[in-house]
Amino acid sequence: MSITSDTTGTIIYLSLVYVLGHVIKSLGALPILGGHMVHTVLSLVGLSLIALGTGGIKPCVAAFGGDQFEEKHAEERTRYFSVFYLSINAGSLISTFVTPMLRGDVKCFGEDCYALAFGVPGLLMVIALVVFAMGSRIYRKPPPEGNIVTQVVKCIWFAISNRFKNRSGDIPKRQHWLDWAAEKYPKQLIMDVKALTRVLFLYIPLPMFWALLDQQGSRWTLQATRMNGNLGFFVLQPDQMQVLNPFLVLIFIPLFDLVIYRLVSKCGINFSSLRKMAVGMILACLAFAVAAAVEIKINEMAPPQPGPQEIFLQVLNLADDEVKVTVLGDENNSLLAESIKSFQKTPDYSKLHLKTKSQDFRFNLEFRNFSVYTKHSMEERNWYSLIIREDGKSVSSMMVKDANNKTTNGMTAVRFVNTLHKKVNISLGADISLDVGEDYGVSAYRTVQRGEYSVVHCRTEDKDFSLNLGLLDFGAAYLFVITNRTNQGLQAWKMEDIPANKMSIAWQLPQYALVTAAEVMFSVTGLEFSYSQAPSSMKSVLQAAWLLTVAFGNIIVLIVAQFSGLVQWAEFILFSCLLLVVCLIFSIMGYYYVPLKPEDIQEPADKQIPRIQGNMINLETKKTRF
């Protein structure tokens, strides 16, 4: 916002702060520059400068662009705000693809090049800043207004305090509460603040919309981690679904501007800015209703979870012959009886009920002519695998706890049982390796990216070999038993502890399409509305207030997530209903809102508010609807 220089200078100065933040952030990403504490400090300073620069640039750039159009070119100005918003999303789309390539495909000091990923955007910002400055002489530049935010705050404070001091019934009332600032502040400033407060009052319900829109990068991405990204012709990672929003914005902005709005206009419908914003809110409500329906369907497809005093148990037979397994209760009654062939497992997990939160179970293992009794302790709400192995001429068993939930990031979880007599080192990727102990050692779960793992390099102290793990799918948890059977050689027996995600990620497309359409109708329109309804001295102030509603929307998400205690689909429904209520309130407020016209901003010079003489005044002002 303009302070002592014009808007062009403000943009340039704060852009330099923004570039400096990128430079410091890049330095903080260099591994050779200091230790962990130095990197942390540099990163925090860099991010703070980037935030400072962004906070100052954003409202000024939007208002500055609008200043280049005269009132007779209002239609072209509306198109400018659409192109402005389209450019923002084009940059977002490009950075989503290019930045990971700069980080991962280029190596700096033997590691991912984060310094380059931060430095290149800073360099591009310098180039953009030079191009912007080169056109400085041809821009329309409204004269600087001084520190307008301070003037607004002081004017409002003086009006409130002056009204409080003159609350006596002997003093005539004034038609607007801001008229009580007339004793100290110029009439034009008071008129401008009146126009500002009218729009700010209309902004009160708006944060709720942003509370929904900004969940694309959080709640919806978490939802995508529980879905299958294999589209047949292409495989999408869960966080890549966020690319869909800026991509659809690039399509929807020209579609709405050139087709939909024109068709609505030809039908004789007055589709005002406030009506567009209200329709945008309704579309966002529908998007979250669809997201809730998708979430319910995902839950239906997910494996059941053990409840209180319940466990799920599967049995794996690694012996060379069939084993009959019987689970015995406290009174030696049979709770489960299964005959399992060699290198097979029970078809499904079996549910067992506990009498307390933790309970010991006795197992009877019948192998050939031997009968072995063993005891294992199990705790409620867990999944277990009973692994049976040969022990000389008889058998023994061990109990391992399985993963009880799908991975939270859409990746695949794997673990290994090593039946060899030597420790095995397994390499699952450039940075992922694990050691599995000899003689039925069991590794912990490790998460890997979804994909085909047909050649996984392994080694023992005297031998290198490879294993074919096959396809590791989204959200699944696998157990691999490394064996060396005489007739088959070294191989990995693959078992699925938790099935892969079944619901296609393509089912998120409708909710993304709806929320992007809502964003185009609400956000693009709101930018232009904020500019057109602001007095010339308040353009940047109102743009900043518009951006501030976004911050309040994020705070709403934090509050609801912290205190709602609802399951995810119910939380989606809650947000949808809250926005529907807010949309109704906003529509009522918009119905009574009188749009500001250019000729309303300036008041005739002969209408003055006289100063107080003694305790009485003769007040004559133009009535302004709040």
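The model is predicted.

**The nonpolar patch**

Seven names make up a nonpolar patch on the surface: Leu 20, Val 23, Leu 27, Ile 32, Leu 33, Val 38 and Phe 109. Together they have about 610 Å² of accessible area. Helix H1, residues 7-28, gives the largest share of the patch, with three residues.

Leu 33 belongs to this patch. Its place is the loop between H1 and helix H2, which spans 36-67. Leu 33 has a relative accessible area of 36%, so the residue counts as partly exposed.

**Two loop residues with positive phi**

Arg 368 is not a glycine, yet its phi is positive, near 55°. This residue sits in the loop between strand S8 (358-367) and strand S9 (370-379). Arg 368 counts as exposed because its relative accessibility is 52%, and the class begins over 50%.

Asp 439 is another residue other than glycine with a positive phi, near 55°. Asp 439 is found in the loop between strand S14 (433-436) and strand S15 (441-442). Is Asp 439 exposed or partly exposed? Asp 439 is partly exposed, because its relative accessible area is 37%.

| Residue | Relative accessible area | Class |
|---|---|---|
| Leu 33 | 36% | Leu 33: partly exposed |
| Arg 368 | 52% | Arg 368: exposed |
| Asp 439 | 37% | Asp 439: partly exposed |

How values were computed
Residues are numbered from 1 along each chain as its sequence is written. This is a predicted model: local features need pLDDT of at least 70, side-chain atom pairs count only at pLDDT 80 or more; totals for chains, interfaces and linings use all residues. Side-chain values use heavy atoms; hydrogens and water are left out. Patches are made of residues with over 30% relative accessible area and no salt bridge: like charges are joined within 9 Å, nonpolar side chains (Val, Leu, Ile, Met, Phe, Trp, Tyr) within 5 Å. Accessible areas come from the Shrake-Rupley method with a 1.4 Å probe; for residues, only the protein chains shown count as cover. A salt bridge is a side-chain nitrogen of Lys or Arg within 4 Å of a carboxyl oxygen of Asp or Glu. Helices (H or I, at least four residues) and strands (E, at least two) are DSSP runs, numbered from the N terminus. Buried means under 20% relative accessible area, exposed over 50%, partly exposed in between (1.4 Å probe, protein chains only).
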